[in-house]
Amino acid sequence: MSFSLALLVAALLQQVPRSQHGSITQRVGITDIAISYNRPVARGRELFGADGIIRWGRVWHPGADSATTLSFSRDVSIAGKGLGAGRYTLWTIPAEPPQPWTVIFSRAVGVWHTPYPGESSDVLRVTVTSEQGAHMEALAYYFPVVTPDSALLRLHWGTTIVPIWIKPKA
């Protein structure tokens, strides 16, 4: 291999990915929550709906590349339903407002963002009502509310916000 070809290959391997990696951690009481994901960027695209890249009523992984993972150091409840300590991937079924979204926690870890691993890997499904807010160019997860016994996790992309209440079990 020539030196210039080797340099080209090295440069291609070092290109910055379009969806940058993100992570967030939050302690709630004595429970640690960690989220690891890749952040797709809107880049002027229609995001949700019949003309969007994410269709209503179809399973969508909120992230890019490898599936987004959430881990909990202790048992928690999500939107009032129990979920054991451990590591999970996150999937959703978006719905046109005012219909609620389905949020899915799957035991299938170490998977790519497509295809959905299937209902047989689901550990928990909850429904939540999406909200609208300011435009978020890159998908983000954040905790705008944290108390000693609960936290509000928001999945936010474009103007769509999906709130998920997490409460550690005592």
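In strand 10, proline 168 is the bridge partner of valine 76, and lysine 167 is the bridge partner of serine 77. The structure is a predicted model, in which local features need pLDDT of at least 70 and side-chain atom pairs count only at pLDDT 80 or more, whereas totals for chains, interfaces and linings use all residues. Residues are numbered from 1 along each chain as its sequence is written, and side-chain values use heavy atoms, with hydrogens and water left out.

Strand 4 (residues 76-78) and strand 10 (residues 150-168) run antiparallel and are joined by 3 bridges; strands here are DSSP runs (E, at least two residues) numbered from the N terminus, and two of them pair if DSSP finds at least two bridges between them. Both belong to an open sheet of 4 strands, which has the order 5-4-10-9 with antiparallel pairing. Its edge strands, each of which pairs on one side only, are strand 5 (81-83) and strand 9 (131-147). On average, neighbouring strands of this sheet are turned by 30° against each other, direction ignored, the axes being lines fitted to C-alpha atoms and angles running from 0 to 180 degrees between N-to-C directions.

Strand 9 pairs with strand 10 in the antiparallel sense over 9 bridges, and the two strands form a hairpin with 2 residues between them. Within this pairing, methionine 136 stands opposite glycine 158 in strand 10. Strand 10 is mostly covered, as 15 of its 19 residues are buried, that is, under 20% relative accessible area with a 1.4 Å probe and protein chains only.

A search of the whole structure finds 9 aromatic pairs, counted where rings of Phe, Tyr and Trp (its six-membered ring) have centres within 6.5 Å, with planes under 30 degrees apart taken as stacked, over 60 as edge-to-face and the rest as tilted. The ring centres of phenylalanine 48 and tryptophan 157 lie 6.5 Å apart and their planes stand at 85°, so this pair is edge-to-face. Because phenylalanine 48 lies in the loop between strand 2 (31-39) and strand 3 (69-72) and tryptophan 157 lies in strand 10, the pair ties together parts that are 109 residues apart in sequence.

Technical notes
Buried means under 20% relative accessible area, exposed over 50%, partly exposed in between (1.4 Å probe, protein chains only).
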